[in-house]
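Have your viewer ready and try each task before reading on.

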Amino acid sequence: VPILADTQAALENGRTISEEFLYEGYTVHLYEAPPADEQTVIFGDRFELLPGPLDLTVYQPGDTVVTKTWWRVLEPVKEDYSYSLILRRADGAAISQVDDSLRVGGMPTPLGLDVKLGGDVRSTSQWSPDDPYQLATPNIVLPVDLLPGDYEAWIGVYFYQNPQRLLVSSGKAGLVDEEARLGKVAAFSVE
């Protein structure tokens, strides 16, 4: 069933298609806006992040944790930055880490936006301070041998030619170091 142009414009105003599902021959799009109640996090006076909720709060070993991160640039940057998405135990020890280019956009899938499939993908050097928040959905696969327990997802930003992460600041916590907390991940296994 086609969507009327004015209805589609209203859906897209300040929102982006974050996921796509096929249901009995129909394509269903999930439109999302940046979270209104989250505290922003600043990376090195260059990037502002609004962390969104994780898709789930309980996962199985081997599951994919999809993070929803809303980004904007505070001033133009010439470089294309990267991110580290880190899974940490409650004691802070890193369990798993994924590094990739920090890009917004992509093709919607059931696991968020996939920048490898194309779509309107933009690296940080293409962002403008006049742009609204843009969605990126970095994800990390939980190790198959992950023990039951509570874990947290953290993100850091760096330029690959100088892999020192940008310092993070937040209105609530002041300087947070080189990473920002994205959410709690509770893992359990079924015997």
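Predicted model: local features only at pLDDT ≥ 70, side-chain atom pairs only at ≥ 80, totals over all residues.

Residues are numbered from 1 along each chain as its sequence is written, and side-chain values use heavy atoms, leaving out hydrogens and water.

**Exercise 1.** Find how many salt bridges the model has.

Solution. Start with the rule: a side-chain nitrogen of Lys or Arg must lie within 4 Å of a carboxyl oxygen of Asp or Glu. Applying this rule gives 7 salt bridges.

**Exercise 2.** Decide whether Arg122 is buried or exposed, then do likewise for its partner.

Solution. First, the pair: Arg122 and Asp131 form a salt bridge at 3.1 Å, N to O. Next, the classes: buried means under 20% relative accessible area, exposed over 50%, and partly exposed in between (1.4 Å probe, protein chains only). Arg122, at 16%, is therefore buried. Asp131, at 22%, is partly exposed.

**Exercise 3.** Work out which strands the bridge between Glu152 and Arg181 ties together.

Solution. The two side chains meet at 2.8 Å, N to O. Glu152 sits in strand S16 (residues 149-158) and Arg181 in strand S19 (residues 180-187), so the bridge links parts 29 residues apart in sequence. Strands here are DSSP runs of E, at least two residues, numbered from the N terminus. Glu152 is partly exposed at 25%, and Arg181 is partly exposed at 41%.

Methods:
Helix = DSSP H or I, 4+ residues; strand = E, 2+ residues; numbered from the N terminus.
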